[in-house]
Amino acid sequence: MKNRVKELRTERNWTQADLAQHAGVSRQTINAIEKDKFDPSLPLAFRLARLFDLAIEEIFLDDQ
């Protein structure tokens, strides 16, 4: 699954650590999501969507 997390994070001038703190996860988790090495759980996807004020589908894209 592709995602726009890095793009959205940098638009807000947030570091990975900033986003991790807001989302309640580790910086390593954010790094893994941004590098497409980890797909977030549904609750985490919803938290990220709320933080970015977007629908989940606008952040996480089906790569098929």
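**Close-up views of a predicted model**

**View 1. The order of elements along the chain.** From the N terminus on, the protein runs β-α-α-α-α-α-β. That makes five helices and two strands. Keep in mind that this is a predicted model.

**View 2. Overall dimensions of the fold.** The C-alpha trace spans about 30 × 25 × 20 Å along its principal axes. A compact globule of 64 residues would have a radius of gyration near 11 Å, and the protein comes in at 10 Å, so the two agree.

**View 3. Surface and interior.** Of the 64 residues, 33% count as buried. The protein exposes about 4200 Å², and carbon and sulfur atoms supply 48% of that area.

View 4. Is glutamine 16 buried or exposed? Its relative accessibility is 14%, and buried means under 20%, so glutamine 16 counts as buried. Which residues is glutamine 16 in contact with, leaving aside its neighbours within four places in sequence? They are Arg9, Arg27, Ile30, Asn31 and Glu34.

Methods
Residues numbered from 1 in each chain as written. Predicted model: local features only at pLDDT ≥ 70, side-chain atom pairs only at ≥ 80, totals over all residues. Heavy atoms only, no water. Helix = DSSP H or I, 4+ residues; strand = E, 2+ residues; numbered from the N terminus. Rg over C-alpha atoms; globule rule 2.2 N^0.38 Å. Buried < 20%, exposed > 50% of the residue type's maximum accessible area, 1.4 Å probe, protein only. Areas by Shrake-Rupley, 256 points an atom, 1.4 Å probe, with all protein chains shown as cover. Contact = heavy atoms within 4.5 Å.
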